[in-house]
Structure formats: structure tokens, C-alpha cells
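Please open the model in your viewer and keep the selection panel at hand. The tour begins with a pair of helices and then turns to the nonpolar cores.

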Amino acid sequence: MQLFHISHLNYRYDNEEVLHDLNLAYHDADFLGIIGPNGGGKSTLIKIILSLLPTKNAVFLDNIQKKDMGYVPQNTLANPNFPICVLDVVLMGLIHQKIWGFYTKSDRQKALEILQKVGMQDYWDKRIDTLSGGQRQRVFIARALVSKSKLLLLDEPTASLDSKSAIQIYELLNTLHSEGVGIITICHDINLVLAYCNKIAYCNKQLFLHENTKEQSKTDFLKHLENNHQHFCSVEMSLTESLCERHEHG
């Protein structure tokens, strides 16, 4: 089902053009990865889709409403040392539904169920600043999902994570997508994009959309690295097989 389409989008900051004649249609069957250089307009595009930046009739919501979209920005907490627990962070995703300024028992149950979905149910009472980077990202994804989002938009969700944590986040996104959640993510790691995204958009003021014949072998290889290797980085992720696999096959 097509959720939205963008037609001839132009956007400027003061006198600088950031996006030019951009067109894009998004279907919820697509796991869309957005790549491109710094300053190419990727984050601006995400914010426009979310109506966080004003535009004139360039983004058309077809089968989705603004409230059905969840957002995980690059900077998720203004003060990462603020003493707030995981459950309260997730409940922030329901802040517009608070009754008389309080969360209900049902709200808390929803938050706990979403934490279980992202594998963080055992950390519900932990302070957010005591978690690892990958764990925090799972919590922020839970916050975006708790209001039953149909579409999840993420701005570089793995930018500050090591390779192992990055693969774990994309495995989680892949699972969510298989369960019917639309996924649009900005990513700087082409290996992750090629392994998990079936559509890849290159954004540098203009947007060029590419079909990606996602090879299961590449996805399986990254999962192999995550499960079996104490060390791996972008070098190993760029390969198609590892030394231990060669030994196993030989």
C-alpha cells in the first residue's frame, strides 16, 4: 500500500537550495535506505515528510496520517545524563495521549509490550544513561513505535554504534518491517543498506531511486559476523565470506 508520495519538492534554507525537484513514492512493502553526502538534504527530507518543516503541497499523505509516523532522530536526548528511566522514555511516545497529565495503567502496559518487542523488557527500570549505545537506540525505537506507528523514520540510527550493535539494530528493523511496519532510514554504511534495504535512494539535492536485489547471502553473512566474531568492522562487512567460513567449507 502506498503511504505517501512527494511531487516536485523544492526546499531552501534562506538563499541556499537544499532539495531540488525531488520526487518519491513510498510503499509500506519497501525497506527504504537513504544515502548521500553530508549536506545533501537527507535529514531535511525526513523532517519534511514528518511535517517538522513547512512545505507548500509537495508531500501528499495517501494512506497514512501524521500521528501514524514514528521518528528516531540523530540526537535523541538533549541531556543524555538526565536521570530518566527506560519506561519513562518510551512513555514519551504517548505524551499526546496523557489524561489529566498522567499516564494510565494501559499506557504503561503498552510501553512494556513494546520494550519486549525490541528486546529491552528487562531494562524497563534502568536509567537511560546506564545503557550501551545499541540498547539506547532500541529504547528510542520503542518510543517511536509505542503509539502504533505504521511508518518508522530513522535518521542515522547506527551513526554512533560499533559494527556489532549496528547489525543488531538493522536486524531489529528488518523484523519490524516483516511484521508490517514501514521503514525509512538514513544510513552512512553502504554494507547495511545493501544487505537490508530493497530500495535505496541517493539524495544530493535531487533524489535518485534504485532497486536493490537484496541478497540473502549478504544478510546471512552479516548475521554470521555478529554471532560468531569477536572483532569485525567495515572491512569484514565489505567482504562476502570470512576466513572461518572458508575453513568450514573446505
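Helices (H or I, at least four residues) and strands (E, at least two) are DSSP runs, numbered from the N terminus.

The model is predicted; local features need pLDDT of at least 70 and side-chain atom pairs pLDDT 80 or more, whereas totals for chains, interfaces and linings use all residues. Residues are numbered from 1 along each chain as its sequence is written, and side-chain values use heavy atoms, without hydrogens and water.

Next, display the side chains of the contact (heavy atoms within 4.5 Å): Lys 164, Ile 167, Gln 168 and Glu 171 of α5 meet Thr 219, Leu 222, Lys 223 and Glu 226 of α7.

Now select the largest nonpolar core, which has 49 residues. Such a core is a set of buried (under 20% relative accessible area, 1.4 Å probe, protein chains only) Ala, Val, Leu, Ile, Met, Phe, Trp, Tyr and Cys residues joined through side-chain atoms within 4.5 Å. Ile 141, Leu 152, Leu 173, Leu 192 and Leu 222 have the most contacts inside this core. Its largest share, seven residues, comes from α5.

Centre on Ile 141, which touches residues including Val 72, Leu 152 and Leu 173, not counting residues up to four places away in sequence. Finally, select Leu 22, Ile 34, Leu 45 and Val 59, which are among the 29 residues of a second, separate core.

Notes. Buried < 20%, exposed > 50% of the residue type's maximum accessible area, 1.4 Å probe, protein only.
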